[in-house]
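Here is a friendly tour of one model, taken a region at a time. Have your viewer ready and follow along.

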Amino acid sequence: MNTQNLLKIAKQFGAPIYVYDAETIASQYTRLTNAFKGVGSLRLNYAAKALSNISILRLMNQLGSGLDTVSIQEVKLGLMAGFKPESIIFTPNGVSLEEIEEASALGVQINIDNLSILEQFGSKHPDVPVCIRINPHVMAGGNSKISVGHIDSKFGISIHQIPHLLRIVDLTKMNINGIHMHTGSDILDIDVFLYASEILFDTAKNFKNLEFIDFGSGFKVPYKTGDIETNIEELGKKLTTRFNQFCEEYGKELTLAFEPGKFLVSQAGHFLAKVNVVKQTTSTVFASVDSGFNHLIRPMLYGASHEILNISNPKGRERYYSVVGYICETDTFGSNRRINEISEGDILCFKSAGAYCFTMSSNYNSRFRPAEILWYKGQAHLIRERETFDDILRNQVDVKDLFIKPKPAVVK
Ligand SMILES: *Cc1c(COP(=O)(O)O)cnc(C)c1O
């Protein structure tokens, strides 16, 4: 979608606002499917936590995707969005047995990532097929907060615990129908990914009734020009060959599953914010926008770098700016960015704002969360209204009667 359309949306619906381009999502979906077209049975389960607006989930469902969920609430959202229970996989970490049972009762595929719950669930529900999340102990991922497959990680069942795992499966007579890993976000090195896959294949041989092998996700996407991304096509070629070979050894055609989040939605998202103040200090020029890390926390949380464009003045002279938010603590979107000259009132566009942006937003500083727009077939559709003051007060209990001033004592 082009800049003119983004500007029109900002004018019509106001800023700050998130805009998602359905066409980009669809083309990423197709790109990933094509990369693995050599696999007999492929399943993409969109990782809902990246962007969980119900209309986005409906779009994913319509594209033919399944859904990867990490909370019972995401499971329920997925069902509301029209996904069949069997198209949903529940991959939580550290949740209670009750939550897993609730998801299982809704008919979704359960994925268990620790031996304690596996033993309890298997003892109570031996007939429910379960997928297990393996920790292959491979160091992968863009930074320590999103690397989840290494030795110190809380995720998955360690490959060193396979004997214990097998004992539990044996004693409970439970049925393991899938095996899964998710080693972290921002995987660059395909060979590291393939190496982890070998560990998964090795582990898979221990189970006789597998239906699928889930390789998780973590495909790196570009955030700014020049960023390297996972070479999906090359990964597709190499893993397809290896997977088909494994299926032959295993004696059954298994489904190859992935659960991409970022890959499907990151680049489809644009975050638009209006410049409130241009402030020249002794050391820099700040452009302060009507937003902050309450709306887009990735720069402050992960040191993520989102490209920032001034779509109100795309031909203006380029100057250096620090783009900051209005939150009352350090709140920097980008430092020393070359951006077309900014005036107060201009609309800045933060690119690649589809994944882990709106879903991580909050009401910090008692601000409203932004509206969301789906751009579909050349038209803007409002898919979330901007919050209002009522939303800030919702669920708050005002105990004003507690603090009634005592009447002053009457002095005689
Ligand atoms: C977050 C998550 C994903 C998605 O990761 P991306 O880097 O966004 O593709 C996939 N699987 C699981 C289990 C996750 O927790």
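## Around Y356 and R298

Y356 touches A50 and R298, leaving aside residues up to four places away in sequence; contact here means that the C-beta atoms, placed from the backbone, lie within 7 Å. You will find Y356 in the loop between β16 (347-350) and β17 (371-376). The model is a predicted one, where local features need pLDDT of at least 70 and side-chain atom pairs count only at pLDDT 80 or more, while totals for chains, interfaces and linings use all residues. Numbering starts from 1 along each chain as its sequence is written.

Why is Y356 classed as buried? Because 24 other C-beta atoms lie within 10 Å of Y356. The cut-offs are 20 or more other C-beta atoms within 10 Å for buried, 12 or fewer for exposed, and partly exposed in between, with C-beta atoms placed from the backbone. R298 is also buried, because it has 20 other C-beta atoms within 10 Å. R298 sits in helix α11 (residues 298-302), and its contacts beyond four places in sequence are A304, H306, Y356 and C357. An unreviewed UniProt entry annotates R298, Y302, E329 and Y356 as "binding site"; such annotations may be inferred rather than shown by experiment, and their positions follow the numbering used here, with feature names shortened.

Helices (H or I, at least four residues) and strands (E, at least two) are DSSP runs, numbered from the N terminus. In strand β5 (residues 109-112), Q109 and N111 point one way, I110 and I112 point the other way, and all are buried. In a regular strand, side chains alternate between the two faces of the sheet.

Strand β4 (residues 88-90) runs parallel to β5 and is joined to it by two bridges; pairing requires at least two DSSP bridges between the strands. I89 has Q109 as its bridge partner in β5. Between β4 and β5 the chain passes through helix α5 (residues 97-105), giving a right-handed β-α-β crossover, that is, clockwise from the first strand over the helix to the second when the strands point away from the viewer.

On to the next strand: β5 and β6 (residues 130-135) run parallel, joined by three bridges, and I110 has V130 as its bridge partner in β6. β5, helix α6 (residues 115-124) and β6 also form a right-handed β-α-β unit.

## Two domains

The domain assignment, automatic or from a database, gives domain 1 (22-265) and domain 2 (266-386). Their C-alpha centres are 32 Å apart.

Note on methods:
Contact = placed C-beta atoms within 7 Å.
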